[in-house]
Amino acid sequence: MRLFRYLYDQLRDMEWRAYNKRKLHRLRNREFTIIASNCNGTFMYHDIGLQYLTPTVNLAMGMDDFVKMAGDLKRYMEEEITEVKGETGCPVGMLGDVRINFVHYSTFEEAVRKWEERKARIKWDNLFIVGTQKDGCSYETLQCFDRLPYQNKVVFTQVEYPEFSSAYHIKGFEEKEEMGVLTFYKKQFRKRRYLDDFDYVDFLNQGENKEFGGK
């Protein structure tokens, strides 16, 4: 059984690597910045092996704060991050009036250093805004997201919202209280994240996501 399990895992990993190589081969637009509310944007870079050209890596923001930041992005990128003392679980900072949870950093100092380093790489002429219907994302939040002044934006939703051109329904969370973790793998032979239900290579190549709205 151990040998079978080993071979099974090896085959899955080989297929997964080949799948991501195909994605990279399809990707024509490789100098882009994804501003994301959580790690979904991080894994779009990670899985196809591209450098992070964004400060929104390994962190999470409430959707109301994220929409607020995205609505005035250049001003917020000029703000300094101040530490929120007394927090447990992960370092937390305030970017002006926007709260950032640095969920995958050991210290606040490390988080700010990486934020500043990656912020300098932003491609202002090639921005993609990626949100998720969780972390306090109400219907009104989705409305505000849909009105953001960006051509290239998508928000992953728990159910279908045909009225929002930026909404993309990820199946599997309809009965949950909120959208689940899209970077988790599905329980199936082929290694696929829930995030892979969205063709983000096509999204990044086309530079416009209108056809993805109201799947």
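Contact here means heavy atoms within 4.5 Å. The model is predicted: local features need pLDDT of at least 70 and side-chain atom pairs count only at pLDDT 80 or more, while totals for chains, interfaces and linings use all residues. Residues are numbered from 1 along each chain as its sequence is written, and side-chain values use heavy atoms, with hydrogens and water left out.

**View 1. Ala70 in helix H3.** Ala70 is found in H3; helices (H or I, at least four residues) and strands (E, at least two) are DSSP runs, numbered from the N terminus. Ala70 counts as buried because its relative accessibility is 0% (buried is under 20% relative accessible area, exposed over 50%, partly exposed in between; 1.4 Å probe, protein chains only). Not counting residues up to four places away in sequence, Ala70 touches Ile129, Leu148 and Tyr150. Ala18 lies 52 residues from Ala70 along the chain, with 34 Å between their C-alpha atoms.

**View 2. Helix H3 against helix H6.** Two packed helices are described by the angle between their axes and the distance between the axes. H3 (residues 63–71) and H6 (residues 139–146) pack at about 20°, their axes 10 Å apart. That makes H3 roughly parallel to H6 (angles under 35 degrees count as roughly parallel, over 145 as roughly antiparallel, 65 to 115 as roughly perpendicular and the rest as oblique). Axes are lines fitted to C-alpha atoms, for helices over the stretch in contact, and angles run from 0 to 180 degrees between N-to-C directions. The crossing is left-handed: the near helix is turned anticlockwise from the far one by less than a right angle. From H3, Met63, Asp64, Phe66 and Val67 meet Thr141, Cys144 and Phe145 of H6. These contact residues comprise five nonpolar, one polar and one charged (Ala, Val, Leu, Ile, Met, Phe, Trp, Tyr, Cys and Pro count as nonpolar, Asp, Glu, Lys and Arg as charged, and the others, Gly among them, as polar).

**View 3. The four-stranded sheet.** The open sheet has the order S1-S5-S6-S7, with parallel pairing (two strands pair if DSSP finds at least two bridges between them). S1 (33–36) and S7 (167–169) are the edge strands, each with a single partner, so one side of each has no neighbour in the sheet. Twist averages 25° from one strand to the next. S1 pairs with S5 (residues 127–132) over four bridges, in the parallel sense. Thr33 stands opposite Leu127 in S5, and the bridge partner of Ala36 is Val130. Both faces of S1 are covered: Thr33 and Ile35 are buried on one side, Ile34 and Ala36 on the other.

**View 4. Helices on the sheet.** H3 packs on the sheet and touches S1, S5 and S6 (153–157). The direction of H3 makes about 165° with that of S5. H6 lies across S5 and S6, running at about 160° to S6.

**View 5. Helix H2 and its surroundings.** H2 (residues 39–47) is mostly covered, with seven of its nine residues buried. They are Cys39, Asn40, Gly41, Thr42, Met44, Tyr45 and Asp47. Their packing partners are H1 (2–26), S1, S5, S6 and H7 (200–206). Just after H2, Gly49 takes a positive phi of about 75°.

**View 6. Thr183 in the loop between S7 and H7.** Thr183 is found in this loop. Thr183 is buried, at 12% relative accessible area. Leaving out residues up to four places away in sequence, Thr183 touches Cys39, Asn40, Phe43 and Arg193.
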